[in-house]
Amino acid sequence: MALNADSQSLSKSKARGQLGRLLTRPFAAIGGAAISWVDNLGAASIFLLSAFLKILRPKQAPKIVQQIYYIGARSTLIVMLVGLFTGMVMGLQSYSALVKIGAEGVLGTLVALTLVRELGPVLTAIMIAARAGSAITAEIGIQRISEQIDALDTMRIDPLRYLISPRITASIISFPLLTALFDLIGITGGYISGVLLLGANAGTYLHRVQASMEMKDVTGGFIKAIVFAVIVSTVCCYQGYFAHMRTDSHGAKAVGLSTTSGVVLSCVLICVADYVVTSLLI
Amino acid sequence: MDTPLIEFKDVTKRFGPQTVLERVNLQIYEGQVTTIIGLSGSGKSVLLKHIIGLLKPDEGTILFRGKPLTTMNKNEKAAFLAQISYMFQDNALFDSMTVYENIALPLRETTNLKKAEIDRRVTARIEQSELSDAANKYPSELSGGMQKRAALARAMVTDPQIVLFDEPTSGQDPVRKNAILGMIAQYQRKFGFTAIMVSHEIPDVYFISNRILALYDRVIVFQGTPEELENFNHPFKDEVIHSLEGLQEELTGLYSKRQFKVLYHAQLKQKTLGETYSVVVFTLESLDAIITSLGYEAALEAIHSMGVYIDKHFGAIGGFSTRRRTNEFVTVLPYSNLTEAESMLKDFVDDFQEHGIRGILAGARKQAASELCAEFTILAGIAQSQPIVEIDSVIDSAKHQQKEIARLRCDVRR
């Protein structure tokens, strides 16, 4: 009889344990994900700082110039194309809306400020993340899984100095320049659609662009571009550099997933950082 | 004995729940070629990566000239690593760089040498590695053998004092394997570095190795010379060495020792009591002298020729042979008595003296040996026995009967 009571008590206690685990499972999953996030954020920060400190080491200049060519110069065409059509669409949409309230005169202000403050830095960063960021992750990821990074270590060549620092530096130089190009081409696009196609006054458009723009708008755009450059280059390099540490896949598949993660995470972080930087600048 | 150059003391390495190395103890001495052998996945590469610092032990100590790596300051550690070069199993060449750029990379990035000096050194290595035509090609445009040579050239370009070779001959055909091993042996003699090699090429690595380390079941079970390994009695020999040797030796074309024993039992089981058979034991004397005077290629060729000519003369009449030690061959003649065996031996000697010597000369010329002649002898002993007698005692008996049957003098100048 006593044995029977003990066994009943044991099974009740087991059932309580199972219920407890069931109830806490969602919280454990959220907690695990949060810890992993913070862990990665910390690792990426140390990664960025370590690479940043090696920018001024000797023999870096040729590698930085080479990366400016890959990340910056070779993104020029795509940035110009996107900038042109973004400006043209803005010109079209804004003119058709403004003309209804008789305010087509401020078309230049609207196009210029939107591009310089927001769309220029954000779209440029997203375009470079898609074009050069993915290439950075894939290249570094392949170098990692084929032991080329280990080979650098064995040759006493610091991989952070050799591979990562030049890319981060090149991004910091290229992003603001490409953003400026995007802004310029975008404003030209707005001019083409608003003035040349829809008939807005050319002088008013150009005057409004010049008059409404303040230096803080331009510097704000550049600050954003630099922040995005650091985010995109760090995230893409980090994803490639640690492609071999992924727990969900290995080898070429890990490189593929890291490349996707690099681009997606860069785009999400660009949007988040855009809000944060804007709120600080305003 | 001298203080080891590198020493492992109770080194343990785990990857998650799996223990790869468990309390590993080993010594590596300066100026020697040390080869680590073991089955695939036994942790040989992991062991090698601990030396160069790509992996850190979970427990235990690694010492360099008696000093633990963990107690070295930053400069001492950098000085230690500056002496080491590593040749990866899969070469790890940079696929976006040409062969020239790959070889020049360590000089460009870690030294302050002038461009002209870097160019001179890289060009010299490229020429030594016979890669002149491939200097401006990318690794993906090269054959596996050329990639290996490019990786070897990159590992050697900084004139390191310690070179780690992780399976330098993997994925190569027998000719290339021997060429790469020959190149390592040649470089080691020329530059006097300490070589630590992981390899499966048994017994070919024995020729170029001063010491063998056997990694088995997470620990080093043997450290010693290749000759000492022959007499090492441990499950490692059956499980690893015999399985690595395969059925036939690539170098001689003869049977492996295991296959030889199987054939021996199968053949002699069919014999009735009173029937006799003969065993011949050949020894190629002065192999070291051939290596020193004529080079590694010539020594390989000497062993290869011995195998080919033994098989040619004795295989045709039902005999079967194996290489028992580096320079010792055993042939069983199941259908021949002592007189017949002696007659066949005479034919073999005549043929080998007439033709076999040519291959050795060709090997010596290929390596442009420093000395141009060498003298070596072939010993042979014959024993006659009956099926009830153990093969090992018959071989011992034949060995005791050994006498000089040929003295060969190969002169490259001729």
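The questions and answers below go through a predicted model of chains A and B. Residues are numbered from 1 along each chain as its sequence is written, and chains are lettered from A in the order in which they are written. In this predicted model local features need pLDDT of at least 70 and side-chain atom pairs count only at pLDDT 80 or more, while totals for chains, interfaces and linings use all residues.

Colleague: How far apart do the C-alpha centres of domain 1 and domain 2 of chain B lie?

Modeller: Chain B is divided into domain 1 (6-245) and domain 2 (257-411), with bounds from an automatic or database domain assignment. Between their C-alpha centres the distance is 34 Å.

Colleague: Which helix of chain B supplies the largest share of the side that touches chain A?

Modeller: Residues are in contact if their C-beta atoms, placed from the backbone, lie within 7 Å. The contact takes 12 residues from chain A and 13 residues from chain B. Helix 2 (74-82) and helix 3 (99-110) of chain B each supply at least two residues of that side, helices being DSSP runs of H or I, at least four residues, and strands runs of E, at least two, numbered from the N terminus. The largest share, four residues, comes from helix 3 of chain B.

Colleague: Which residue in strand 13 of chain B is the bridge partner of F320(B)?

Modeller: Strand 12 (residues 320-325) and strand 13 (residues 328-333) of chain B pair in the antiparallel sense over five bridges; pairing requires at least two bridges found by DSSP. A hairpin joins these strands through two residues. In strand 13, F320(B) has as its bridge partner V332(B).

How values were computed:
Two residues are in contact if their C-beta atoms, placed from the backbone, lie within 7 Å.
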